[in-house]
Amino acid sequence: MALYHKRSAFDRDLTFYSPSANCYACYDSGIVSNSDGLVNNYLPDYDKNNKGNRQGGCDLALICHCQAAYSTSSPDGSETKIGYRAGHGINATDSPTGGLQSIGAELDKEKTREIHSIRKENWKKTTEEMNQIRVDIAKGKKVSTPWYIAEVKEQLKTLPDLFSFPSEKKGEEALTSMSKKDA
Ligand SMILES: [Zn+2]
């Protein structure tokens, strides 16, 4: 049977689906997400480099407090997913410089729960707004672009730069000069 992956046109055009998760702090990954910068309300310099620009991976992962951060086991007791934390706290791993190092840091439970609640509420609002916009567009109404879409559109304009790595450029230049020599 052919794999059919298309949503019905009606559904695709009219229904906006927010991500569904039990925990919106980590989207059930066990690691608190900062895609919307919400974490910086609690840790202003989190994932920011020396210049103050956001750079994912600068800092340790923030381990969530929900179920997703713990290991899971099958009914026979064998571990099916290794967690980031156990009863005693965040798991540690061997450090390359000797000893043990924690695999992450954490915000306290209340702050993490707050991130979950704010994000859940934001997604609810976005879903309502997006569905209304789509209904309006379907009715032929003129709709102004919501700011969060306008912002992403603006950011996408610099996309060629985002994926242009200096090392790749050097490679391209080398290839060009090589082909010139061949010609
Ligand atoms: Zn979580």
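Modeller: Among contacts in the chain between residues at least 6 apart in sequence, 50% join residues at least 24 apart, where two residues are in contact if their C-beta atoms, placed from the backbone, lie within 7 Å. This is a predicted model, in which local features need pLDDT of at least 70 and side-chain atom pairs count only at pLDDT 80 or more, while totals for chains, interfaces and linings use all residues. Residues are numbered from 1 along each chain as its sequence is written.

Colleague: How many helices and strands are there in the chain?

Modeller: With helices (H or I, at least four residues) and strands (E, at least two) taken as DSSP runs numbered from the N terminus, the chain has five helices and six strands.

Colleague: What span should helix α2 have, and how far apart are its end C-alpha atoms?

Modeller: The expected span is 1.5 Å times one less than the number of residues, so the 30 residues of α2 (residues 109-138) should span 44 Å, and the end C-alpha atoms, 43 Å apart, agree with that.

Colleague: Which residues in α2 are buried?

Modeller: A residue is buried if 20 or more other C-beta atoms lie within 10 Å of its own, exposed if 12 or fewer, and partly exposed in between; in α2, T112, I115, H116 and R119 are buried. An α-helix has 3.6 residues a turn, so residues three or four places apart point the same way.

Colleague: What does V32 contact, leaving aside neighbours within four places in sequence?

Modeller: The contacts of V32 include T112 and I115, along with A25, C26, V39, L62, C64 and L107.
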